[in-house]
Number of protein chains: 2
Amino acid sequence: MAVPKRVTITDVAESAGVATSTVSRALSTPGRVNATTREHILEVAARLGYVPNPSARAMSSGRTHTYALLVPDITNPYFAGAIKGAERAAAAAGKTLVLGDTQESAAKEGELIARLGPAVDGIVVAAARGTDDDLAAAGARNRLALVNRTLPGVPSVVADYDAGTRQIVDHLVSLGHRSLVFLGGPHESWSGARRWAGLQAAAADAGVGARRLGPYLPTLQGGPAAADAALAAGAHAVVCHNDMLAIGVLRRLAARRVRVPEEVSVVGFDDMFGADFCQPALTTLAERTEDAGACAVELLLRPPSGTPASVVVPTQLRVRESTGPRPGSPS
Amino acid sequence: MAVPKRVTITDVAESAGVATSTVSRALSTPGRVNATTREHILEVAARLGYVPNPSARAMSSGRTHTYALLVPDITNPYFAGAIKGAERAAAAAGKTLVLGDTQESAAKEGELIARLGPAVDGIVVAAARGTDDDLAAAGARNRLALVNRTLPGVPSVVADYDAGTRQIVDHLVSLGHRSLVFLGGPHESWSGARRWAGLQAAAADAGVGARRLGPYLPTLQGGPAAADAALAAGAHAVVCHNDMLAIGVLRRLAARRVRVPEEVSVVGFDDMFGADFCQPALTTLAERTEDAGACAVELLLRPPSGTPASVVVPTQLRVRESTGPRPGSPS
DNA sequence: TTGAAAGCGCTAACAT
DNA sequence: ATGTTAGCGCTTTCAA
């Protein structure tokens with residue numbers, strides 16, 4: 001008995017002795033129906049075990065009560081927070097969340113947007129890989145919200161990298177460092193560009209030097225090349241594109257018997273799962289991705305407004321064991 | 001311009017000079033339409049940018065082409081593999097995957113199944129928290145597939161804990177260990193029970209002792225209590241409920257200056273993200289959760305058969321740095 | 001092989 | 001406040 005004949009609104013209407021429209025109203029527009037009638041209808045519906053058919057509802061209303069979240073890689077723990085936050089926000093509003101993995105590909109991202117578009121009321125794209133044009137076109141056909149990416153006319157939620165990078169630089173300066181090296185990720189990375197821009201600005205303001213090396217793979221595998229380059233450059237403070245790379249760097253430094261933080265301080269971005277139990281525990285900029293994911297869904301939930309909102313989510317430096325005084329500094 | 005009037009099957013039919021039913025057939029029943037006609041229709045559809053409306057499709061066919069995956073905690077990296085695998089299998093079949101977070105709660109799980117049921121063609125429940133009765137009832141109303149849980153009459157995919165625990169015991173025995181302590185997780189955990197049962201059986205076969213301590217929190221936080229108890233019990237080989245607990249144990253042991261693996265060997269379950277970069281890298285039983293997730297969806301994809309399939313996914317011991325010879329053993 | 005037409009379950013005018 | 005009715009876009013008989 002795969003589907004034991006579902007109870008429809010008609011069954012409820014008949015059984016309650018009212019019209020289907022009244023049942024519909026009782027369910028979705030309380031207040032536009034007599035309280036007593038409503039009471040009765042709800043009771044009958046419950047007794048019959050009535051569950052509204054979402055497809056039918058979507059057919060006539062145009063709203064699916066479903067939202068999509070697209071991430072470049074579901075297994076990347078960095079996105080776990082955003083996924084959870086989005087799911088939470090959707091569930092809290094009684095909405096359904098569809099998940100899509102774009103496999104780090106702009107093409108896959110576009111396909112998913114096209115395929116999911118008609119099935120959902122809105123799409124959150126996290127760390128979008130598509131070009132501005134791709135996204136603008138997608139935004140014209142669907143309600144869109146971006147996470148860690150901005151585009152004129154499209155609502156977005158971004159981490160406060162400006163303040164965050166400033167915290168990083170201040171922290172390093174307070175430890176006596178006078179220069180830093182940024183181990184960059186892929187050039188196409190929007191957030192990578194923001195991180196480096198913030199770092200440069202903060203370094204300039206603090207009067208410390210900042211050099212960028214790379215690009216390196218933003219994964220554990222990127223670590224060896226990045227660490228070796230940093231060492232060759234004589235760096236004592238390195239800031240990595242993300243935590244994955246930072247942990248890769250940590251491992252390489254350990255393998256080369258370079259002590260962290262005594263000889264080299266290492267900072268990451270993301271406060272990813274594992275950043276607190278790697279060795280040494282990583283100093284990193286936490287992003288509150290869960291809030292960002294939730295916020296993006298909420299942006300979609302509220303009725304479209306004239307000017308698309310652009311929310312900035314605060315960041316916070318988590319100082320752990322991978323940063324310390326510059327070697328030979330008086331402090 | 002939120003939704004600039006989508007192209008419908010009627011538009012395609014008109015533009016192609018055929019009936020809507022022919023378009024429908026060309027799209028979903030190739031072979032029941034003239035090849036030339038079909039070619040033409042497809043071309044027109046592509047030119048117009050036609051995308052089928054899933055709700056409408058679901059209305060008339062009853063099939064939503066959507067599947068749901070329920071996990072206890074989306075942010076737990078252990079489930080990332082299953083999520084990815086399920087998403088991959090669904091996408092490969094042109095299906096949509098809805099994600100639900102049950103927040104480790106049987107009640108939430110039940111609610112989600114009830115709410116999502118009418119909206120999907122099937123539901124994968126990973127590490128189900130509900131009682132057998134709950135699940136049996138849910139299975140009567142929906143197509144269900146379980147991951148790491150079995151129930152008569154419901155298809156399931158489970159990790160091969162029997163073989164896996166045997167590998168663990170063999171490994172420890174080969175290192176000279178003559179007894180082990182299992183640091184257990186929550187008593188309600190189905191997989192925890194399976195792990196302990198397997199361990200006991202394998203230990204008995206190998207003629208080594210096995211004791212169970214706990215329950216402990218299956219998280220980093222469970223580590224201190226578990227590690228202290230293991231030490232007090234004089235254990236030299238401990239097997240932990242999962243990797244989170246194992247890493248917590250590792251940290252506690254490090255804090256207490258107990259060397260791993262020289263004094264104590266530690267084994268985990270899951271080969272979770274991070275198990276390879278914690279210190280020391282963790283020896284653990286890998287589960288191929290991605291395959292399991294994909295397999296569960298595929299179970300739902302194929303037409304219901306008489307006897308529900310029960311798939312067993314192989315496990316594999318990843319020997320890293322946290323296990324070594326028993327202290328004082330001749331090897 | 002193709003077309004015409006009847007719904008699928010629900011919502012949203014429009015009446016009353 | 002409630003009933004009547006016309007679709008929403010698509011699939012699926014049933015005829016031709």
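Reader: Into which classes do the residues of the surface near DNA strand C divide, and what makes a residue polar there?

Author: The surface near DNA strand C divides into nine nonpolar, 15 polar and two charged residues. Ala, Val, Leu, Ile, Met, Phe, Trp, Tyr, Cys and Pro count as nonpolar, Asp, Glu, Lys and Arg as charged, and the others, Gly among them, as polar. This is a predicted model, in which local features need pLDDT of at least 70 and side-chain atom pairs count only at pLDDT 80 or more, while totals for chains, interfaces and linings use all residues. Residues are numbered from 1 along each chain as its sequence is written, with chains lettered from A and ligands numbered from 1 in the order in which they are written.

Reader: How many residues surround DNA strand C, and what makes a residue near?

Author: There are 26 such residues, the closest being A:I9, A:S21, A:S24, B:S21 and B:N34. Two or more residues each come from α1 (9-16), α2 (20-28) and α4 (54-61) of chain A and from α2 (20-28) and α4 (54-61) of chain B. Each counts as near because its C-beta atom, placed from the backbone, lies within 6 Å of the strand.

Reader: How many residues does each chain give to the contact between chains A and B?

Author: Chain A gives 41 residues and chain B gives 39, where contact requires C-beta atoms, placed from the backbone, within 7 Å. On the side of chain B, α5(B) supplies the largest share, six residues. That side divides into 25 nonpolar, eight polar and six charged residues.

Reader: Why is B:V158 called buried?

Author: B:V158 has 20 C-beta neighbours inside 10 Å, and therefore counts as buried. B:V158 belongs to strand β5 (residues 156-159) of chain B. Leaving aside residues up to four places away in sequence, B:V158 touches B:N148, B:T150 and B:V312. The C-alpha atom of B:V158 is also 9.4 Å from that of B:T289, 131 residues apart along the chain.

Reader: Why is strand β3 of chain B described as largely enclosed?

Author: Five of the five residues of β3(B) (residues 122-126) are buried, so the strand is largely enclosed by the rest of the structure. Burial holds on both faces: B:G122, B:V124 and B:A126 lie on one side, B:I123 and B:V125 on the other. In a regular strand the side chains alternate between the two faces of the sheet.

Reader: Which strands pair with β3(B), and what makes them a pair?

Author: Pairing needs at least two bridges found by DSSP. Strand β1 (residues 66-71) of chain B is joined to β3(B) by four bridges, in parallel, with B:Y67 opposite B:G122. Four bridges also join β3(B) to strand β4 (residues 144-147) of chain B, again in parallel, where B:V124 is partnered by B:A145.

Reader: What handedness does the unit of β3(B), α7(B) and β4(B) have?

Author: The unit formed by β3(B), helix α7 (residues 132-141) and β4(B) is a right-handed β-α-β unit. The term applies if, with the strands pointing away from the viewer, the path from the first strand over the helix to the second runs clockwise.

Reader: Which residues touch the most other members of the largest nonpolar core?

Author: Among its 176 residues, these are A:V124, A:V238, B:V124 and B:V238. Such a core consists of buried Ala, Val, Leu, Ile, Met, Phe, Trp, Tyr and Cys residues joined through C-beta atoms within 7 Å. Beyond its neighbours within four places in sequence, A:V238 contacts residues including A:L180, A:V249 and A:V266.

Methods:
A residue is buried if 20 or more other C-beta atoms lie within 10 Å of its own, exposed if 12 or fewer, and partly exposed in between; C-beta atoms are placed from the backbone. Two residues are in contact if their C-beta atoms, placed from the backbone, lie within 7 Å.
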